Each structure stands twice: as structure tokens, then as C-alpha cells.
Amino acid sequence: MAAALLLVSGATAAFSAELARWTGEPKPPLHLESLYHGRVSLDDHKGRAVLVHFFATWCEPCVEEMASLERLAVRRQGDELSILAIDVGEVDARVRNFFKRNPASFPVLLDRDRAVIKAWQVKALPSSFILDSNLVPVLFVERDVDWDDPSVNSALDELIKTLPRDDRRDVDKREADENDKPT
Amino acid sequence: MINRRDFLAGATACSTAALILPGIAGATARFDPQPGEWRSFRITTRLEIPKADGAVQAWVPLPALEDGGWILPVGDKWTGNEAAAEIVTDPKYGAKLLHARFAGDQPSTIEVESRFKTRDRAATLNASGKAAPLSDAERQIYLEATELMPTDGLVKQTADEITASLSGDADKARAIYEWVVENTYRKAETLGCGTGDVASLLLSGNLGGKCADLNALYVALARAAGLPARDVYGIRVAPSKFGYKSLGAGSETITKSQHCRAEVYLSDHGWVAADPADVRKVMLEEPPRDNAIDSPLVTAVREKLFGSWEGNWLAYNTAHDLVLPGSDHKVAFLMYPQAEIAGALLDCLDADGFKYTITSAEITA
């Protein structure tokens, strides 16, 4: 059963029983090799809402959740939401084979030696963090989530609305600069 | 799937039973391993890694666990086109492996032959005794958390609930065994022997997996209850003489016959066998398959797989979180051959792509 995720902006935010408002420390920087996107840095996504999702291909709930995460990514193309999926502790070949069968449009990062999951103090798979535009965790889910759930999408909409306009322009400019690079 | 709040289930009493195995027409069989004659085996691990763009390294687990009661490594030798090879012993757990390096400009091949002796083991748990004590260092190693086996949080909470009404170590160890048998299941789809990610297993509330998951859960719960415990990683080398198809190697090719078991240390008895995962394997796989937990076929092994196991299995080592020598890669456990090409680890569960084969032969002098 997937967890429903509810985000209500403001001080009176209320969440489903499965979802915890993140009250811990900010998370450390994150730099990892990825399957098809080279080396990925979390800092590159500053100014956007970021969904950081820890998973493994052997984890049955993770496999089911990955399909809904991809549907979310497709629905949210053009939104200011980045999705970073982090495979934990598996050999590249196994992850690559999985995504050949289950293509994903978002970067799939490789935490080969489990260094990031340890630094982020993630205890179980799947787990997801939703970060604000300053890359500070806002919400945390330590189980699978139905990313098709309307309440989840409302929550993401609310978060995206709060993104600072200046940061959004910075991101737009970075992306434009990136697109101008010779290929 | 069970709810994590409903973990505790009453352990049912079970009794030894003679039974008729469906696969053996008319034959009466028991499951009752007892120390007897030693058996000698030779296993051969052959690696054939295709010509690669870069240097190749390989690591092959070697028999390292030695216990005068049931297993004795005899020796290892190898031949191949390696540029260099050496036996390396892990300083923490004593795990042994052959580390080989190849140029990679031609197919990398090596054949490793290991000999060992083993026999059935059984503890007399209803009698008191005095085993050699664990050193402080060993006790610490076998009580501590590993990367995938936490001993705090939900693991500790679950262990406390299982053992709440018990005071003796043997009773606690048995209660955890019965709890794992009652509350987990063998999941056929799990790759290899599973990963042993105990925290994810418990937090998901879905306690399905294979031996590396279910027996790791036993070990983590035992450690959390204050009982030294360890996973023992190995491979099945021969059929079960008790007729259980699911508890033995099906042929001399044992490439995919890896199996890990567990041991718990009891001061009266020393290291005691525990293999709840194999009880669940009999439930799922033993013909006619999908056997009820209270069927004679299952209760016979359930009664015995705490305290004993059959000597048709090789124990490699008890290591966790092992950094492969000469590499940055770390493995949660060493039960499969490992190799990397130009720094990229190959998939050890893909024996055909890797590629490797393992065969076993009993030596009868």
C-alpha cells in the first residue's frame, strides 16, 4: 500500500500518518555518478523543488513505486520540480538492466558504496525527501508513495508555488545557458 | 504482507515427525542430522571473463570457517592466466578469498579448487554444558550492527517484544527462530539469496526474501536481544540424504546453489545452528510445494533446524561489509565470486554474463 502525501502550506500544515514533516538537520551536499546523466550534483537543482528518492531494484515496493514516479515526471515536465532517484548499493549492470526494462526520464544516481544513504541517514528503502528551493528537506517518507495520488500532486503544487521568483529565474537562466552550449 | 504492528505471533509447538516424502515413493524419511562420518568434498570455481577494455580483478571466496565439530577446510589451489594472484585473509572476520589480477587484453580465466571436510552437526540443547567462551573482541563483533543489519530502532523493538517474557538465552534464541519461521516467507522472485537489508525488510512490513534476508533478520534480532549471532555464507554441495529436494544441491553443478545460514552463541553450547530460512524454503519449494506450516514435511525440519543442520553444505565465512582488496568496492557479504573490469563491478548474480561456474564432487578415497 502506498502512502498518501499531503502538504498544506503554512504553519498549520497537516500530513497523513505515513508522512513526516522534516524537522531534522539539512542534508549534506550530494554528488554522484548517474546512469545516463554523467555526474549529478544536488546543488545544480537549487531554486527548484527537488524530490530525492532512495531505492533499489531488489526492493519490491520500490519497483512498483518507480512506475508512478515516472508518470509523475512525465506529468510534471516543465514544472519546477527535479526528480533524482538514487539507487543504493547495487552494481551498475543490474541497475542498467532494470532501467532498460523500465525507462525513466529523470536522472538515476548510483550510490554504489552507500556513502550518500549513510550521510543522509536513510534507514530503509524506499525513502523519499522533498526539498524546497534552498535544498532544505520539507517532507520525508520512509516507505513507498503513490505519486499519482491527487493529494500528492496538490502538495507538490503548493510547494512549487512557494518557490522564490528570483531563484526560478536563476534556474531558467542556467538552463538557457546550458542549452546554448555547443554540442 | 503482514502489518509491522502484528509481528508477534504465537510460536507453535512442533514435534519431530517421521514422514513420507512425496518425491520418494513409499520411502519413509526423517530429518534428523546427527554428527557422524566426515565427508570430503572438492568444489571448483571457474571464471571466464571475456576480453575487456581495461584491467580485470577477480575475487573468489575460499573455505575459511573452521569448527572441529562439523567443518574443516583442507586446502586451495588454482590455475589460470592471471598476472598475479594471492590468498587474502580479512583481518576482522577471518574470511579468505583468492584475489587475482589480469591484464584484460585476452579472456581472463582462472579455476580455483577448494577441498574441505564436513559432517552433520547437532547441539544437545536440553543438556547443560560449558563451551569455550567468546573473547571480548569476538563478542563485540557478533553483537554489533552492520551496514544492513541495524540492532536499534524497529529491530530492537521487535527483538524486545519477542523475548519479553523470557530470561534464558537458549529460550530467547529459540523464540526468535520460531518468530522468523512464523512471520516471514520465502519469495521466489528475490534475486540470488537476497540482500540482507534488514531495516528495509522490517520497515516495509513485507517480510519476504531468501536466506540472506531471512537469516540476516534472525541474526539482527538475536544481536539486538543481546545474543552473539552471525550469518554463515556458503553453498550447498550435495543432495540431502534425508530426501528433501529443496535442502540440497540438485546436481554436481552448484553455480546457483549459494546458501547462508545462521549461528547463535549460547554459553552452554557454543555456536548453535539456526536456519529458519530453510524452513520457509521447504514450505515453498519441497514437492508437492506450498506446504502448510503444520504439515509433517515442514514440522520435521522446523524442529531440527534450530540446533542442527545437515553436512551437505560448505561454509565460506561470516564476514560483513567487506572491502574487496585492491578495489574501492565493498560487498555486504562474500558468498559469490566477484570481478571488476576497469573498476566497474560485474553483476555476481548474473553467472552466465559474468561468467562463472561452480561444481562440486564428493571425494571418496
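Leaving aside its neighbours within four places in sequence, which residues is B:Val237 in contact with? The first view takes that up, and the others follow.

A note before looking: this is a predicted model, where local features need pLDDT of at least 70, side-chain atom pairs count only at pLDDT 80 or more, and totals for chains, interfaces and linings use all residues. Residues are numbered from 1 along each chain as its sequence is written, chains are lettered from A and ligands numbered from 1 in the order in which they are written, and side-chain values use heavy atoms, with hydrogens and water left out.

**View 1. The surroundings of B:Val237.** Setting aside neighbours within four places in sequence, B:Val237 is in contact (heavy atoms within 4.5 Å) with B:Phe41, B:Ile43, B:Phe116, B:Ala249, B:Ile254, B:Asn312, B:Trp313, B:Leu314 and B:Ser360.

**View 2. The largest nonpolar core.** A nonpolar core is a set of buried Ala, Val, Leu, Ile, Met, Phe, Trp, Tyr and Cys residues joined through side-chain atoms within 4.5 Å; buried means under 20% relative accessible area, exposed over 50%, and partly exposed in between (1.4 Å probe, protein chains only). This one has 94 residues, and B:Ile176, B:Tyr218, B:Leu221, B:Val237 and B:Tyr244 touch the most other members. Helix 5 of chain B gives the most to this core, with 11 residues.

**View 3. Helix 5 against helix 6 in chain B.** Helices here are DSSP runs (H or I, at least four residues), and strands are E runs of at least two, numbered from the N terminus. Helix 5 (residues 211-224) and helix 6 of chain B pack at an angle of about 135°, with axes 8 Å apart. Axes are lines fitted to C-alpha atoms, for helices over the stretch in contact, and angles run from 0 to 180 degrees between N-to-C directions. From helix 5 of chain B, B:Cys211, B:Leu214, B:Asn215 and B:Tyr218 meet B:Pro276, B:Ala277 and B:Arg280 of helix 6 of chain B.

**View 4. Helix 6 against helix 7 in chain B.** Helix 6 (residues 276-285) and helix 7 (residues 296-304) of chain B pack at about 170°, with their axes 9 Å apart. On the helix 6 side of chain B, the contact is made by B:Val279, B:Val282 and B:Met283, and on the helix 7 side by B:Leu297, B:Val298, B:Val301 and B:Arg302.

**View 5. A:Ser41 in chain A.** A:Ser41 lies in strand 3 (residues 39-41) of chain A. A:Ser41 is buried, with a relative accessible area of 12%. Beyond neighbours within four places in sequence, A:Ser41 is in contact with A:Leu30 and A:His31.
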